[in-house]
Amino acid sequence: MGRTRATRDTPQPPPLSERDFGEIVRNSFDGIFVADGEGRTLLVNPGCERNYDIRAADVVGRPVSDLEADGIIRPVIAPRVIASGERVTAIQRTHKGKTIFATGIPLFDEAGRVRRVIINSRDTTELDQLQAELSRIRGDLARAQTEVAQLREEGQGAGGPVVHGETTRRIADLLRRVGGSDATVLLTGESGVGKEVFARFVHRESARSKAPFIKINCGALPRDLIESELFGYEAGAFTGAQRGGKPGMIEMANTGTLFLDEIGELPLDMQVKLLHVLQDRIIARLGATRSIPLDIRVVAATNRDLAKAVETGAFRGDLFYRLNVVPVVVPPLRERRDDILPLLRQALASFNAQYCTAKQLSHAAARTLVAHDWPGNIRELRNMVERLVVTVSHDVIDVGDLAIPAAAPRGAGGASLEEQVRRFEMALIEDALRRCITTRAAARDLRVSQSTIVRKLKGGGFAA
């Protein structure tokens, strides 16, 4: 009773007048467009003029269909509301390139016929631009996260290749020349020889060095996720897709370098799709209706013989020839022993810094490691050096600390024992000179006389 009495006793506001309705329509931020049951324009408020860049005086009295025929609005929705007698919502494009979100609502007469259509519209162009910018930022963030993860996985960052020996010098010279172009490079060689280091070298020597370097390990991608990881997807492309979609790794390499590691492990169906990307330089996410142009440099690597894989049908020939523009074979360490000592020094310096130690290799230990065949190549070498740094308690690592037998150097490319000893001694001296600058300081470091260093540099041997 009390609630009813309070409502009855409360003064009621006067009803809205025609003037009130007119001011509401004129001052509405949203566009208000009214058409009659025949589709003729009756009212266009200022918000609607602003949305569609039209003047009310130019369109009132004209059929709504004229606006679409003249290219002012596409699509118009009043005829659809009249025909269906139901609410209709659509995304419209204007002659000025704006994006408009519009909803048409029917009003009926006593006979149930549509007598008026009221259309509310809002300009969403700025919102669409913000969403596109957000998508771009998300893509940049995902790309940055991928690069950071790769650097963490590598442990040593993006250091350049060791090019001490003649073989690696030739490879580096070739890649420097190639780096200035966008030619595709195919790096082949055993596992662990440093193909990725050379791939990053190509990137740094190119005009794209400031752009992303994205590595795709084709052998590590899960079979059921490989397409979405490579090409990305739009929102709702499949069950479990992220809200807002996700750029693929190929797209994240745009303007930079795409490194396809273990390319020989890519399934045949994905090889076809990758071929189209490399040929057309466009990519489409899963579930997308538009393609994205690509500007990328491609470097691929494999430890397989792709030519034989083509013969057996395990690898597509057209993709192989697309990748094999500049083939580069990276030899194993046993065929470039001149690089072993500098690589040992590099790894020792890296892990000493990482673990706050000051470990050194004795000359006997260094000779033994140079003589080792390194079946795991640089990966094995770095793993061994790290193990020695963290497990050996004294500062000078000697032969007894190694997990490999001390042995004289074995055959390397047909070189005699004398030639291999000469190469090793020269590597020791050159390394000492890089660190110590003068021959006198290098002699102290190697515990020999200065005259011995000078004689060796002139082609003589070590004094007894």
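Let's start at the surface: Cys356 is exposed, with a relative accessible area of 73%. Cys48 sits at the other end of the scale, counting as buried at 0% relative accessibility. Please keep in mind that this is a predicted model. The chain has 464 residues, of which 42% count as buried, and its secondary structure comes to 20 helices and 17 strands.

**Cysteines**
- Cys356 counts as exposed because its relative accessible area of 73% lies over the 50% cut-off.
- Cys48, at 0%, counts as buried because the limit for that class is under 20%.
- If you are setting up bonds, a search of the whole structure finds zero disulfides.

- An open sheet is formed by six strands in the order 2-1-6-5-4-3, with antiparallel pairing.
- Strand 2 (41–44) and strand 3 (73–74) are at the edges of this sheet; each has a single partner strand, so one side of each is left without a neighbour there.
- Within the sheet, strand 1 (residues 31–36) pairs with strand 6 (residues 114–123) in the antiparallel sense, over six bridges.
- Across from Ala35 you will find Val117 of strand 6.

**A parallel pair**
- Strand 7 (residues 185–188) runs parallel to its partner, strand 15, and four bridges join the two.
- Leu186 stands opposite Pro327 of strand 15.
- Strand 15 (residues 326–329) has two faces: Val326 and Val328 are on the covered one, while Pro327 and Val329 are on the uncovered one.

**Nonpolar cores**
- The largest nonpolar core holds 33 residues, and those touching the most other members are Ile216, Leu230, Ile250, Leu260 and Ile263.
- Elements giving two or more residues to this core include strand 8 (213–217), helix 10 (226–231), strand 11 (257–261) and helix 13 (306–312).
- Helix 12 supplies the largest share of this core, five residues.
- Ile216 is in contact with Leu221, Leu230, Met249, Ile250, Leu258, Phe259, Leu260 and Asp261, leaving aside neighbours within four places in sequence.
- A second, separate core has 28 residues, among them Leu344, Leu361, Val389 and Ile397.

**The chain as a whole**
- Among contacts in the chain with a separation of 6 or more, 63% are between residues 24 or more positions apart.
- The chain exposes about 24,900 Å², and carbon and sulfur atoms supply 52% of that area.

How values were computed:
Residues numbered from 1 in each chain as written. Predicted model: local features only at pLDDT ≥ 70, side-chain atom pairs only at ≥ 80, totals over all residues. Heavy atoms only, no water. Pairing = 2+ DSSP bridges. Disulfide = S-S within 2.5 Å. Buried < 20%, exposed > 50% of the residue type's maximum accessible area, 1.4 Å probe, protein only. Core = buried A, V, L, I, M, F, W, Y, C linked by side-chain atoms within 4.5 Å. Contact = heavy atoms within 4.5 Å. Areas by Shrake-Rupley, 256 points an atom, 1.4 Å probe, with all protein chains shown as cover.
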